[in-house]
Structures are given as structure tokens and as C-alpha cells.
Amino acid sequence: MNYKLSLLDTPAKNLYPLGDSFSGASPDGTTLSVNNYYMEQNSHPFFGVSGEFHFSRMEPGRWEDELIKMKLGGVNIVATYIFWNHHEETEGSFDFTGRRDLRRFVELCRKHGMYVILRSGPFDHGEVRNGGLPDWLYGKPFEVRKLSPGFLACVRRLYTEIAGQVKGLFFKDGGPIIGVQIDNEYMASSAPWEMTTGISNEWAFGGGEGEAYLLRLKELAAECGLCPVFYTCTGWGNAPTPDSMLPLWGGYAYRPWLFYSHKGEHPATEQYIYQDYHKNGIICTDDFRPQYAPETRPYACCEMGGGMMCSYNYRFQLPYKSVDAMANVKLGSGCNFLGYYMYQGGSNPIGKNGQYLNESQVCKISYDYQAILGEFGQVRESYRRTKLLHYFVRSFAGELCGLPTVLPEGASQIDPSDTDTLRFAVRSDGKRGFLFVNNFQDHRTTHDRTDETVTFETAEGELTFNFGLGAEENCILPFNMDLDGVKLVQATAQPVTRIERDGESVYVFFVPRGMRGEFVFAGESGVVTCPDDLTAQEFTVTQGEKHVKVLVLSRDMAEQMYIVSRNRLVFTTEALLEDENGLRLETMEPENTVYCYPADALGGEHTVHGPLGEYRFTAKKWQGAPIVQKQVGPSRYTLTFPEKLMDGAKDVLLKIEYTGDIAHAFVNSRMISDNFYNGAPWEIGLRELAGELSESELVVAITPLKEGANVNVESPMAGRLEEVEKLTAGLHSAELCPVYEISLPSQG
């Protein structure tokens with residue numbers, strides 16, 4: 001199809017600072033501020049990439065490596081809920097130890113150069129019991145989430161305790177905390193009071209006092225010592241958005257909450273349709289209905305679907321390509337702050353009295369969330385794909401952040417079920433910019449696109465893109481891009497980053513699947529076409545006295561890329577970590593091939609393949625014995641583990657294949673994991689359990705899938721008996737999968 005779009009009358013953004021409520025300085029002179037379109041650091045565009053990581057949902061021994069993975073994945077801001085009922089289960093008795101150690105977590109964020117946004121409640125949600133409100137609030141002579149003296153007194157105590165834990169760790173003190181969220185989804189959402197029957201019609205109060213409530217809590221937070229650069233609030237739904245707070249948005253395409261009442265198929269959603277979220281008077285097809293003029297605030301996100309949990313009534317396997325596709329759509333729609341919920345999965349703690357601290361529609365322990373990083377640090381496809389977008393927005397924030405969105409006519413009104421019409425948007429100043437294309441749609445199957453044509457009218461003349469794009473893929477294509485004085489007219493390749501090597505700039509691109517890579521340069525520089533069997537190609541372009549190197553990668557190779565210290569690129573299919581001790585490879589395989597740019601980046605013996613060097617690394621192979629599996633009931637099993645379970649491994653994942661409704665795992669009668677069956681393997685990290693498992697067996701109990709179930713209550717003695725026509729349950733396999741760690745040489 002042929003599409004045309006004029007960029008000639010694209011108005012420049014009217015940018016202005018949002019004032020003292022959105023700015024701050026650290027003792028070393030670094031400044032952070034927010035204007036009406038994007039964040040700034042030292043008066044330069046700063047593109048925030050936020051990833052949600054709930055510290056109390058993970059054993060603290062795992063925190064640091066997971067934060068390092070986030071950092072190498074391009075995340076520069078860590079958002080974390082402080083669940084009230086994780087810290088004050090008993091009124092007046094707070095616990096900030098172990099996995100609840102907020103200060104230690106924030107200090108680790110500071111160590112690795114990551115900013116922090118505290119989501120301080122009092123109401124959080126997060127699929128936690130009562131939305132995070134402690135049980136004891138249920139019996140108080142006041143309503144929660146209201147401006148009553150009793151409730152405010154309890155919140156003051158909470159805020160005072162939080163402030164005490166993070167004293168000296170705010171940006172103004174030289175610390176990493178830049179934001180504090182006040183409540184969550186006020187007047188937009190609530191949670192069941194699990195104090196009654198669990199899934200009932202009795203819900204915690206959702207709010208009704210508008211801005212007055214949020215402003216009073218903001219004032220209270222400041223009085224208690226929670227003093228960030230800016231305060232945030234929920235943007236979506238009916239949530240109030242005071243002028244002195246930054247509204248944060250998001251989007252979920254996979255919505256388990258629909259099935260509280262919905263019984264049909266999940267509909268295709270509007271989340272993969274481009275909009276213009278920073279234009280006054282705009283009408284969007286999603287839930288973007290701000291109570292402020294859109295051009296007066298940045299469109300910033302805190303809850304883009306980085307995954308989604310299975311609820312009891314909605315089981316599915318998340319398509320990992322949905323995550324970066326949504327990020328692409330948000331970027332093309334004017335977003336200058338990406339935020340994922342969740343980025344890091346986790347496991348719910350158990351309360352001090354054996355109480356499960358979750359919401360009853362979800363698993364009692366597991367909060368893996370099918371997230372970008374799994375419950376035990378598993379690296380998902382979504383990690384590899386979003387990493388490339390994060391490198392792009394951080395490397396080219398100055399080129400991207402100020403550009404307005406331009407949409408073709410009708411683009412925001414495309415029916416989600418329409419997978420034929422090309423979905424694209426442009427961010428441009430009328431001369432240069434980026435073409436965003438999305439070929440993914442939730443709950444629908446898209447097809448390969450071929451021979452698409454998009455023509456722009458620009459101040460630099462007419463420009464035409466001819467391209468194809470694979471099914472489920474997305475891309476960002478540059479035009480009239482300045483590569484250190486060398487003009488790139490257009491490219492059917494996506495920019496990733498810019499690094500310096502030996503005083504020269506190297507621009508890194510990748511070719512999206514289904515597309516043929518081609519670069520068109522101004523003047524006599526001509527056209528460079530990539531080979532069809534591209535893995536990695538390097539070339540130099542000269543225009544007059546200016547010259548620049550370009551490194552082009554296939555999509556497969558680009559997804560393996562990490563940017564590490566000293567402007568080196570390391571390529572691996574596994575997880576790469578870097579800290580003060582150098583590079584480490586976290587891998588499921590004992591033998592690994594790693595590629596580097598430049599070719600000698602790691603030093604030592606290697607093989608040169610074009611611009612890349614190939615290195616081989618081998619770990620001492622894990623010698624653990626297999627599991628002894630025994631069936632002890634119709635759908636109950638015991639697993640006995642080898643005595644030396646870890647045997648030099650960093651971790652061991654127990655991977656279980658089963659059929660059933662719900663599966664639970666117990667050690668010494670204590671539940672350690674559970675899973676709602678959705679056809680995917682159930683994985684449990686065993687590192688923290690290795691000592692117990694050397695002496696105790698693990699019990700797996702599977703609740704069967706039931707057909708023709710009926711509860712017979714025809715009894716004069718209050719008898720109840722379940723009658724079922726067919727039961728389906730079985731443990732098919734249980735496998736131990738070691739996780740190795742290999743230290744890599746640090747030369748380069």
C-alpha cells in the first residue's frame with residue numbers, strides 16, 4: 001500500500017519548565033527538572049526508563065545481580081512499591097529487615113547509578129492483600145483513603161517510618177531517590193477487603209475527595225521527610241492529577257481483571273494503535289482522558305505492561321513481543337518516559353502469622369508476572385528486545401525528546417482487529433525525525449508486510465520509504481539524521497546507539513526482521529545495501545572532511561548486544577552482568593560463545609569474524625544427580641534431591657511440566673511456590689532452599705482440572721460433597737537446570 005503524510009506544517013513544541021515542584025539539585029551540582037514535554041538533566045534532555053522491582057518480593061541475596069541486569073537492560077530508574085502490610089502487619093510494629101530492608105535496596109540502586117521512585121502508598125494495589133492496607137485497618141472507627149484524623153494519623157506514622165529508613169538518600173542529599181508516588185489509582189481503583197470472604201463485594205474505599213486528598217498526603221509526606229525532586233500520581237481512570245504532581249500513565253493489553261465478570265474471549269485492545277498524547281483537544285481511543293490540558297504535562301508512563309500475571313479466571317502465555325511493541329507505540333505517540341510494570345518478577349513473602357499477603361485472585365506466592373526478568377532472574381525475550389529501545393532513547397534523547405508526533409489521517413481510529421492497515425506514526429520537526437511502525441496486535445495474528453510505501457513531504461524535500469516488516473515486529477526508522485556531520489537521508493535500519501572508539505564515532509543500527517537494510521546518504525556518499533545474510537557489517541562514510549563508522553547488525557545479533565564499560569559491545573544469548581569486579585556471564589549452558597566489538601575487546605585468544613571477535617568460555621559442568629520422583633496420592637508427589645544440590649552452580653532451577661488447575665510446592669509443610677496452570681513450565685529457584693532440600697523432600701500437590709463438578713448439598717445435616725465427572729492432573733516431568741556464572745576477562 002502507498003501512504004502519504006505531509007510534515008511541512010509541523011508546529012514546534014512550546015516548551016517551558018514546570019517550576020520548583022518539578023526540579024532539584026544534588027550536592028555535586030547535578031540538576032534534574034521536568035518541562036511540559038520531558039525530563040532534563042543539567043538542562044539537557046534526559047529520557048527516563050523506569051522498571052518496577054518490588055524489593056520485598058525477592059530474597060535480598062538476589063537484589064544486586066537483578067539490579068545490574070536492569071541497568072545493562074537500559075533501565076535508569078527503579079520504581080518500587082512499599083507495601084504497608086509487608087512492613088506493619090501488627091499495628092505499631094514495623095519490620096524493615098531482610099527482604100523488607102528498604103534502605104539496603106535503595107543503597108544498591110545508588111551503587112549502580114540508578115535513580116529511584118518510591119511508591120509509598122498508603123494504598124498500592126500490586127495484587128497484594130487489601131491493596132497493601134494492613135488487616136488491622138479494617139477494624140478502625142474510620143474509613144481508609146479519606147481525610148479523617150484517624151486515618152491521617154496512621155499514614156503519618158507510615159510516612160515517618162519510610163522517611164527514617166531512607167534518610168539521606170534523596171537526590172537533594174546526593175542519593176538516588178528522585179520521586180515519591182502518593183497513593184495509587186485514587187478514585188480509579190480499589191481492592192477487595194480480604195478480611196471477609198476474599199473474592200467478595202466488600203472492597204476497600206476507592207476514594208472520593210479528589211485533589212484535596214492527594215495534596216494533603218503530599219503535604220504530610222514532606223512534613224515526615226519524604227522530599228523528592230517531584231511527587232507523582234496516577235494519571236488514568238478518574239484519578240485526580242494536581243498541578244504540583246507528575247501524572248504517570250501506562251497500558252495493559254492483557255487484562256485478567258476483565259474476568260471478574262466477563263465470560264467470553266478477551267477482546268483485542270487499543271494499546272497497539274498510535275495516538276498523540278501531547279496535543280490539546282485530542283480524542284484518543286484508549287483511556288487517555290486527562291483532567292489537564294495534555295500539552296501542559298509530559299506524557300510519562302509507570303505501568304506499561306512489562307508482563308502480566310495469570311489470574312484464576314484468565315490463564316495465558318504472554319507474547320513477549322507485546323512488550324517492546326507497546327513501548328514503540330508509546331514512543332511514537334509522544335511518550336518521553338517509559339515505565340514498565342513489572343520489569344522484575346518476584347515471590348510474595350508469607351506473613352509473620354502464616355498469612356498469605358496477596359490478593360486471592362492470584363497465586364499465593366508466585367509473582368513472576370511473566371515479566372521482562374523472571375521471578376528468579378530468568379532473562380526473557382522481552383528483555384533482549386526492549387534493551388535495544390532503551391539504548392536508543394538514552395543515546396538519542398537530544399534528537400528525540402523535543403520532536404512532536406505527527407499522525408496520518410485516521411491513524412488513531414484504526415480498529416484493533418484491523419491488521420491490514422499499516423500502523424505508523426512520525427516524530428518530526430518537519431525536517432528530520434523518525435518513522436515508527438508497529439505490526440503487532442494483542443489477541444490477533446498479524447501477517448508479514450511486504451512492499452509498503454510511506455512518502456513524506458518535508459522541508460528537505462519529498463522522501464519515500466519502501467520496506468517490508470515481519471509479523472509481530474515493530475521498528476523505528478530515521479530520516480535526515482545527523483551522524484556527527486554526515487547526513488543520513490534515510491535508512492531501513494533502526495538506530496540503537498552511538499559509541500566512541502579511538503576518537504571516532506561509531507553508530508550502531510540493526511535491520512528489523514522482514515526488512516532489507518539500506519542506508520541512503522547525502523551527496524556522493526551514495527547508498528549502502530546490507531547483504532541478505534547479514535550478521536554484522538561495518539562501513540565508513542565520508543562527506544567532505546567528516547567521516548563516521550556505521551556498524552549494522554541483524555535483529556538476532558542486536559538482541560544479544562550489551563553496552564559495557566570503555567565503549568565496548570558484548571554479544572551473548574545469556575545474561576551479562578558488570579560491576580566493580582568486571583564482567584560475568586550468567587548462563588544455563590556450560591559452554592558459551594561470546595562476540596565482541598571491537599574484535600579484541602576482551603583480549604586473549606579469539607577468532608575474528610568481520611568486525612566482531614568470537615570468544616569461547618566454559619564453566620565447570622554441574623554434576624548434580626537427577627531428582628527421585630514418587631507419586632504418593634492421586635495428584636500428589638514427592639521430589640527428593642541430590643545431597644550436593646548446588647555443586648558449584650550459582651542457582652538451580654526446578655522445571656516442572658504438569659497438567660492440572662493449580663500446583664503447590666511445599667518444603668517441611670511450608671508453601672514455597674504455587675502456579676496457575678497455563679501450559680508453560682513451572683520454574684522454581686532452589687538456591688535459598690538448598691540446605692533444607694538436602695535433608696527434606698519437596699511435596700508437589702496438584703489440584704485437578706474438573707469436568708462436570710457439582711457440590712451436592714441435599715442433606716439435612718449441612719453436608720456438602722463435591723461430585724466430579726472427570727479429574728485431570730499429573731506431574732509429567734521434574735528437571736533440575738543449573739545456572740552457571742562465568743567471569744570474563746576484563747581487558748579492552
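1. Buried here means under 20% relative accessible area. By that cut-off, Trp 63, Asp 65, Glu 66, Leu 67, Ile 68, Lys 69, Met 70 and Leu 72 of helix H1 are buried. H1 spans residues 63-72 and is mostly covered, with eight of its 10 residues buried. The model is predicted. Just after H1 comes Gly 74, with a positive phi of about 95°.

2. H1 packs against helix H3, residues 102-111. Their axes come within 10 Å and cross at roughly 40°. H1 and H3 are therefore oblique to each other. Their crossing is right-handed. From H1, the contact takes Trp 63, Glu 64 and Leu 67; from H3, Arg 104, Phe 105, Leu 108, Cys 109 and Lys 111. By class, that gives five nonpolar, no polar and three charged residues.

3. The crossing of H4 and H5 is right-handed. H4 brings Phe 151, Leu 152, Val 155, Arg 156, Tyr 159, Thr 160 and Ala 163 to the contact. H5 answers with Tyr 213, Arg 216, Leu 217, Leu 220, Ala 221, Glu 223 and Cys 224. The class count for this contact is 10 nonpolar, one polar and three charged residues.

4. The spacing along H4 can be read from the contact list, which includes Leu 152, Val 155, Arg 156, Tyr 159, Thr 160 and Ala 163. An α-helix has 3.6 residues a turn, so residues three or four places apart point the same way.

5. The loop between strand S8 (115-119) and H4 holds Phe 142. Phe 142 is buried, at a relative accessible area of 17%. Leaving out residues up to four places away in sequence, Phe 142 touches Leu 137, Ser 148, Gly 150, Phe 151 and Cys 154. One of these, Phe 151, also belongs to the H4 side of the contact with H5.

6. That loop between S8 and H4 also contains Pro 122. The peptide bond joining Gly 121 and Pro 122 is cis, with omega about 20°. A cis bond also joins Tyr 341 and Met 342, where omega is about -10°. Met 342 lies within strand S13, residues 337-344. Most residues other than glycine have a negative phi, and most peptide bonds are trans. Both sites deserve a look in the model.

7. Two asparagines have positive phi. Asn 42 has a phi of about 50° and lies in the loop between strands S4 (39-41) and S5 (44-46). At 36% relative accessibility, Asn 42 is partly exposed. Asn 668 also has a positive phi of about 50°, although it is not a glycine. Its loop runs between strands S39 (662-667) and S40 (670-676). Asn 668 is partly exposed, with a relative accessible area of 48%.

8. The largest nonpolar core has 241 residues. Phe 519 and Leu 654 have the most contacts inside it. Neighbours within four places in sequence aside, Leu 654 is in contact with Ile 627, Leu 639, Phe 641, Trp 682, Glu 683, Ile 684, Leu 686, Leu 698, Ala 734, Glu 735 and Leu 736. A second, separate core has five residues, including Ile 365, Phe 666, Met 671 and Val 699. In soluble globular proteins, nonpolar side chains tend to be buried together.

9. Ala 459 sits in the loop between strands S19 (449-458) and S20 (461-469). At 52% relative accessibility, Ala 459 counts as exposed. Its contacts beyond four places in sequence are Leu 8, Gly 430 and Lys 431.

Technical notes:
Residues numbered from 1 in each chain as written. Predicted model: local features only at pLDDT ≥ 70, side-chain atom pairs only at ≥ 80, totals over all residues. Heavy atoms only, no water. Left-handed = near helix turned anticlockwise from the far one by under 90°. Helix = DSSP H or I, 4+ residues; strand = E, 2+ residues; numbered from the N terminus. Contact = heavy atoms within 4.5 Å. Nonpolar A, V, L, I, M, F, W, Y, C, P; charged D, E, K, R; others polar. Core = buried A, V, L, I, M, F, W, Y, C linked by side-chain atoms within 4.5 Å. Buried < 20%, exposed > 50% of the residue type's maximum accessible area, 1.4 Å probe, protein only. Axes fitted to C-alpha atoms, helices over the stretch in contact; angles between N-to-C directions. Parallel < 35°, antiparallel > 145°, perpendicular 65-115°, else oblique.
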